[in-house]
Amino acid sequence: MIPLGLLYSRNLKRTTYIFTNLHLIKKNPSPGSASGVAQEGCIRLRLLTSGNDFRTNLYIVRNLSVIKNPNFVRRYCSRENSVDSSEWTEDIQYLDESGGVIYSGKGIRPVEPRLDGHVMVGGLKKPFLNVSAIAKIVEIVKRWKWGPEMETQLDRLQFVPNMTHITQALKAIGDTDASLSLFRWVMRQSWYLPNDECYVILFDRLNQSRDFAEIQLLFDEMIRDSSKYGMSSFCAYNRVIQYLAKAEKLEVSFCCFKKVQESGSQIDTETYNSLITLFLTKGLPYKAFEIHEYMEEAGCSLDGSTYELMIPSLAKSGRLDAAFKLFQEMKGKNFRPSFLIFASLVDSMGKAGRLDTSMKIYMEMQGLGLRPSATIFVSLIESFVKAGKLETALRIWDEMRKTGFRPNYGLYTMVVESHAKSGKLEIAMSVFSDMEKAGFLPTPSTYSCLLEMHAGSGQVDAAMKLYNSMTNAGLRPGLSTYTSLLTLLANKKLVDVAAKILLEMKAMGYSVDVSASDVLMVYIKDGSVDLALRWLRFMGASGIRTNNFIIRQLFESCMKSALYDAAKPLLETYVNSAAKVDLILYTSILAHLVRCQEEQKERHLMSILGATQHKAHTFMCGLFMGPEQRKQPVLSFVREFFQGIDYELEEGAARYFVNVLLNYLVLMGQINRARCVWKVAYENKLFPKAIVFDQHIAWSLDVRNLSVGAALIAVVHTLHRFRKRMLYYGVVPRRIKLVTGPTLKIVIAQMLSSVESPFEVSKVVLRAPGDSILEWFKKPIVQQFLLNEIPSRADILMHKLNILFPSSAPEIRSLSPPKPLITGKSW
């Protein structure tokens with residue numbers, strides 16, 4: 001029954017509106033049917049006559065059909081049971097308060113979804129309001145949440161929704177699963193178009209619920225929709241990447257980033273910054289640098305927080321130019337660099353050797369009122385110390401201490417060692433004293449550095465003081481420290497102190513053989529043979545051995561100092577230790593014998609030569625024997641010895657041996673033996689360029705590389721060959737020259753002048769025409785001179801007599817040619 005109060009004129013307008021929006025009630029006499037609802041509705045309609053607000057009454061009317069009646073179901077038509085959707089099929093009765101029928105007629109019919117998307121206002125069709133449409137969608141989704149039932153209800157909507165309805169509905173639905181269900185239903189509809197705002201709402205909901213797997217799935221669907229419909233969801237793309245980056249989903253966020261890039265969509269600044277921050281916090285600076293390159297290409301810029309991360313990362317990775325560029329860019333955008341940026345740039349620039357830039361940034365930091373930390377001071381000092389700019393480093397050191405920072409252990413060590421190594425020992429010792437006063441125990445390396453530098457500068461007292469301080473502190477000196485100290489003591493000839501240090505070194509467990517040998521070598525090189533012998537005796541008493549090389553060096557030093565008594569035991573030690581005396585060593589001993597002028601020393605030298613056990617000594621002994629004892633001529637004996645020499649290894653030694661041996665033979669007056677040695681040496685090409693025959697032009701002999709005795713023998717023997725060619729074969733050159741050099745020129749000139757040679761003496765050459773030499777060769781004294789030996793005073797006197805009394809000259813008495821040069825005398 002409809003209340004009569006509604007028909008009053010004052011309520012007529014309100015009543016008309018209510019009936020226009022009133023749900024039609026199906027007539028059904030059964031209990032719990034629509035009539036029951038109508039009865040209850042009539043009761044509620046009485047409230048409309050009261051002074052209640054009209055909007056409240058309208059709300060009651062709109063909900064009248066479902067109030068407290070759970071069994072009521074609105075019956076929609078379907079294509080299966082609908083005959084004609086345009087025909088009204090239900091009778092509707094309108095009742096007054098007493099239950100009387102006011103009006104009855106056809107009023108309700110089953111509707112076809114989406115065909116009746118309007119309401120009747122009087123006789124006019126009005127479309128559903130957007131608010132009503134959105135409310136209906138929200139109502140269905142909130143009631144059914146998800147599943148086929150919800151989708152069935154949505155399929156039966158009387159209107160065709162659009163994306164605006166869906167967007168607003170998603171905003172009103174607070175449940176994430178319900179929102180996703182609605183959206184997936186929408187995606188299957190023919191009227192669906194991708195909407196950036198819808199995706200943003202869904203991604204926000206999923207991010208709040210931390211459902212990143214669903215975010216990734218929805219993102220892939222969004223990428224497919226974008227390529228399908230040719231639309232880009234700029235905000236949604238960036239929102240996904242930001243959410244994944246902030247959730248530290250490293251690989252997923254970068255994968256999404258690459259997909260967005262491949263799709264050709266743009267990425268905003270905030271997204272770039274989120275990715276860079278993610279990679280930097282995950283310790284992947286090079287990936288962050290890659291993102292930054294993309295960012296620069298896109299024309300985006302960093303924000304303040306990303307600058308704070310990016311600049312230190314670039315600096316630490318060595319990309320200083322890029323870091324400094326961002327630093328300048330940051331200041332250009334009025335961002336204030338933080339302490340961390342300044343610290344990283346100062347440290348990295350300093351370590352890279354760009355000290356001017358590092359110092360400039362440091363000064364700029366102070367200008368902004370930022371107080372440098374101890375780390376920055378340490379970094380600057382280390383950088384300037386490594387660059388060798390110790391004055392600047394010391395100034396920063398003083399500034400650091402004035403600021404109130406206490407230098408740490410490593411910094412003390414670096415400053416001390418750097419000044420010590422640069423030779424500034426006073427500053428080094430001053431800082432070293434401060435280090436000890438500060439309670440730091442210097443490291444062995446610090447002690448060693450100071451000690452070695454003092455030792456290198458020859459300061460024995462300071463070095464020994466440091467050594468004693470080091471050992472008293474319980475520190476073990478290193479091998480280099482002991483070596484430097486022993487070298488210093490050896491140079492200062494403090495044998496006893498060096499011996500004490502060496503024994504302490506041995507007690508520390510070091511192998512001292514090499515160090516002891518080094519000290520011995522210092523004495524040998526210094527020429528302190530007595531100290532060297534004393535040190536060698538100490539080594540022997542202490543059970544310390546040396547090597548054969550040093551024994552040989554000491555032996556040679558003893559020979560030079562004529563300490564033959566001490567030299568022979570050294571040689572015997574050398575030979576007994578399986579060392580082999582080579583031809584050079586034997587020749588050097590022979591050279592000492594050549595220069596010796598005392599009989600007693602000659603005997604020592606002969607015994608030393610015998611102690612060598614070299615085959616050259618056997619040759620020497622056989623050379624001075626007679627032919628009966630040798631059982632072969634001298635020339636054959638000499639050839640046999642020289643054939644046993646390995647010229648590939650000992651050519652230089654053999655040449656040295658020939659020079660010294662010829663000196664010795666000439667000195668002993670053994671000219672014939674000397675000529676045999678020279679002849680064999682020339683045959684074995686030890687002096688291949690000594691004699692040159694240039695046909696008829698010039699013959700020459702070069703003796704510049706020979707000893708005095710070898711030069712004299714070479715001149716006599718070669719002139720003998722020249723004489724034979726000229727007199728017997730009739731070959732006369734234009735000239736003959738003897739290349740002597742400035743040293744041998746006088747000796748050879750004096751020898752030849754004794755037989756009145758035609759050679760003219762110039763700076764380094766004796767030369768004469770060939771014809772003059774031929775006439776000179778015909779003289780008997782020259783024949784005797786060239787065949788036998790260097791002429792004696794008696795021979796020279798006889799030559800002068802022949803000049804005074806030419807009738808007695810043999811070449812005048814006999815016009816026959818001279819006899820053969822080789823006499824019948826046995827050699």
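Predicted model: local features only at pLDDT ≥ 70, side-chain atom pairs only at ≥ 80, totals over all residues.
Biologist: Take phenylalanine 624 and tyrosine 664. Why is that pair edge-to-face?
Modeller: Their planes are at 75°, and over 60 degrees counts as edge-to-face. The ring centres are 5.8 Å apart.

Biologist: Where do phenylalanine 624 and tyrosine 664 sit in the chain?
Modeller: Phenylalanine 624 is in the loop between helix 32 (615–623) and helix 33 (627–630), and tyrosine 664 is in helix 35 (residues 647–667). The two are 40 residues apart, and the pair links distant parts of the chain.

Biologist: Is tyrosine 664 buried or exposed?
Modeller: Tyrosine 664 is buried, at 11% relative accessible area. Phenylalanine 624 is partly exposed, at 33%.

Biologist: Next, phenylalanine 759 and tryptophan 776. What is the geometry of that aromatic pair?
Modeller: Edge-to-face, with 6.3 Å centre to centre and 85° between the planes. Phenylalanine 759 lies in the loop between helix 38 (741–753) and strand 8 (760–761), while tryptophan 776 belongs to helix 39 (residues 770–777), so the pair ties together parts 17 residues apart in sequence.

Biologist: And what is the relative accessibility of phenylalanine 759?
Modeller: Phenylalanine 759 has 9%, which is under the 20% cut-off, so it counts as buried. Tryptophan 776 is buried too, at 2%.

Biologist: Which residues do ring pairs link into a cluster?
Modeller: Phe619, Phe637, Phe641, Phe642 and Phe657.

Biologist: Changing topic, what does arginine 725 lie over?
Modeller: The face of phenylalanine 693, at 3.9 Å from the ring centre. Arginine 725 also lies over the face of tryptophan 699, at 6.0 Å from that ring centre.

Notes
Residues numbered from 1 in each chain as written. Heavy atoms only, no water. Phe/Tyr/Trp six-rings, centres within 6.5 Å; stacked < 30°, edge-to-face > 60°. Helix = DSSP H or I, 4+ residues; strand = E, 2+ residues; numbered from the N terminus. Buried < 20%, exposed > 50% of the residue type's maximum accessible area, 1.4 Å probe, protein only. Lys NZ or Arg CZ within 6 Å of the ring centre and 35° of its normal.
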